[in-house]
Amino acid sequence: MFCTQCGSKVEEGARFCPQCGAKLHGEEACGEEMGTEEFNWQPPEPVSRPLLLCSVFIPLVGIVMGLIKFSDGEKRAGKTYLLCGVGAWIFWMLWMVLF
């Protein structure tokens, strides 16, 4: 038998699951086979190539432009480009991690 709460193997006639402690009684808590509906994992869809290229290219351009402007003496414009480039890069990283 298997526990329907955690899926671990349970001895026949047990009243509680040894792994998670769930109360086992009758057919509603224990089954002979684990249900596949609880563990139906699907791989994530791949990211489209244009989105991936833009999400790498745009922050990179912002950072490079910021470094160029900053070194030319245009500190305010350089900071703006750098902040936009780094901000876009951070947004891209969070987007990839969360979605």
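We begin with the ground rules and then take the features in turn.

Modeller: This is a predicted model, where local features need pLDDT of at least 70 and side-chain atom pairs count only at pLDDT 80 or more, while totals for chains, interfaces and linings use all residues. Residues are numbered from 1 along each chain as its sequence is written, and side-chain values use heavy atoms, with hydrogens and water left out.

Biologist: How many helices and strands does the protein chain have?
Modeller: Helices (H or I, at least four residues) and strands (E, at least two) are DSSP runs, numbered from the N terminus. Here there are 3 helices and 2 strands, in the order β-α-β-α-α from the N terminus on.

Biologist: Which residues make up the largest nonpolar core?
Modeller: In soluble globular proteins, nonpolar side chains tend to be buried together. A nonpolar core is a set of buried Ala, Val, Leu, Ile, Met, Phe, Trp, Tyr and Cys residues joined through side-chain atoms within 4.5 Å; buried means under 20% relative accessible area, exposed over 50%, and partly exposed in between (1.4 Å probe, protein chains only). The largest one here has 5 residues: Cys3, Val10, Cys17, Ala22 and Leu24. Leaving aside residues up to four places away in sequence, Cys17 touches Cys3, Cys6, Ser8, Val10, Ala22 and Leu24, a contact being heavy atoms within 4.5 Å. Of the chain's 99 residues, 18% count as buried.

Biologist: What do the buried residues of H2 pack against?
Modeller: They pack against H3, and they are Ser55, Pro59, Gly62 and Gly66. Helix H2 (residues 49-71) reaches 33 Å from its first C-alpha to its last, close to the 33 Å expected at 1.5 Å a residue (1.5 Å times one less than its number of residues). After H2 comes Gly73, with a positive phi near 100°.

Biologist: How many aromatic pairs are there?
Modeller: Rings of Phe, Tyr and Trp (its six-membered ring) pair if their centres lie within 6.5 Å; planes under 30 degrees apart count as stacked, over 60 as edge-to-face and the rest as tilted. The structure holds 1 such pair. The ring centres of Phe91 and Trp95 are 6.0 Å apart with planes at 35°, so the pair is tilted.

Biologist: Where do Phe91 and Trp95 lie?
Modeller: Both are in helix H3 (residues 75-98), 4 residues apart, about one turn of the helix. Phe91 counts as exposed at 55% relative accessibility, whereas Trp95 is partly exposed at 39%.
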